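Take a look at the model below. The paragraphs after it go from the whole chain down to single residues.

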Amino acid sequence: MTGMKILLINGSPRTNGNTSELVNRFLDEIGNKASVEEVRIYGMDIKGCRNCGMCQKTILEEHCAIGDGMSGLYRKFLSSDLIVLASPIYMWQFTPCTLAFLNRLHGLCHSKDFSYNAMAGKKMAVLITLGAEEEVADFAVNGLREFCEFFSVEYKGDVRVPFAVKERISAGEYDKEIREFATKILE
Ligand SMILES: Cc1cc2nc3c(=O)[nH]c(=O)nc-3n(C[C@H](O)[C@H](O)[C@H](O)COP(=O)(O)O)c2cc1C
């Protein structure tokens, strides 16, 4: 056990699909090397940011004026060292709930002058499945990389499963990549 705390945000709507199988293989690989809490966010009440601006004027106790399912997730985010997103690619992007989660992290930073940035120093990585070739995930991954750079989050890498078929993931076809990914994110 490294003592590292990982928050795994699973943004796939399917509890038994390709992404969830990738998550299972990842959890097997991590074993007891870190503590991992997985949260399935599809179906949770996580609204998109409404740009009310409250979080940018002050540091709100709940980090956001909306006060929905994100409240608990802010707490989990802040007490974690590393956040692993797991998402299929939908229309060249992460799923809507994953994007809503990322939108709402704005509540953790005053992004005009960075006088407050509770994301600084966190680490992020991503597990991705998609129906086409892996380059189709570039748009989403590049956006996340920009996000990380802007908010001083360290981007630790990704695993992409192109032409995803669950049985091939469970047969161990991606285990080597998952092992390398796990080693890298625990560094
Ligand atoms: C609404 C929708 C949009 C999708 N858009 C893309 C896409 O833009 N590019 C792609 O390669 N695959 C796309 N896919 C395929 C999924 O990314 C792929 O099947 C994925 O492995 C599903 O993950 P899951 O089993 O966890 O649901 C899309 C699937 C759906 C349902």
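Predicted model: local features only at pLDDT ≥ 70, side-chain atom pairs only at ≥ 80, totals over all residues.

Residues are numbered from 1 along each chain as its sequence is written.

Begin with the fold. The chain has seven helices and six strands. Both are DSSP runs, numbered from the N terminus: helices are H or I with at least four residues, strands are E with at least two. Along the sequence, the pattern reads β-α-β-α-α-β-β-α-β-α-β-α-α. The radius of gyration is 16 Å, close to the 16 Å of the globule rule for 187 residues, so the chain is as compact as a globular protein of that length. That radius is taken over C-alpha atoms, and the rule is 2.2 Å times the number of residues to the power 0.38. Along the principal axes, the C-alpha atoms fill a box of roughly 50 × 35 × 25 Å.

Now count contacts. Two residues are in contact if their C-beta atoms, placed from the backbone, lie within 7 Å. Among contacts between residues at least 6 apart in sequence, 78% join residues at least 24 apart.

Go inside. Buried residues make up 36% of the 187 residues. A residue is buried with 20 or more other C-beta atoms within 10 Å of its own, exposed with 12 or fewer, and partly exposed in between, with C-beta atoms placed from the backbone. The largest nonpolar core holds 49 residues. Such a core is a set of buried Ala, Val, Leu, Ile, Met, Phe, Trp, Tyr and Cys residues joined through C-beta atoms within 7 Å. Val84 and Leu127 touch the most other members. Strand S3 gives the most to this core, with six residues. Beyond its neighbours within four places in sequence, Leu127 contacts Thr19, Leu22, Val23, Phe26, Val84, Ala86 and Val159.

Next, the ligand. Of the 17 residues around the ligand, Gly17, Thr19, Pro88, Gly131 and Ala132 come nearest. Helix H1 (18-30) and strand S3 (82-90) each give two or more residues to this shell. A residue counts as near if its C-beta atom, placed from the backbone, lies within 6 Å.

Finally, Gln56 sits in helix H2 (residues 54-57). Gln56 is partly exposed, with 15 other C-beta atoms within 10 Å. Leaving out residues up to four places away in sequence, Gln56 touches His110 and Lys112.
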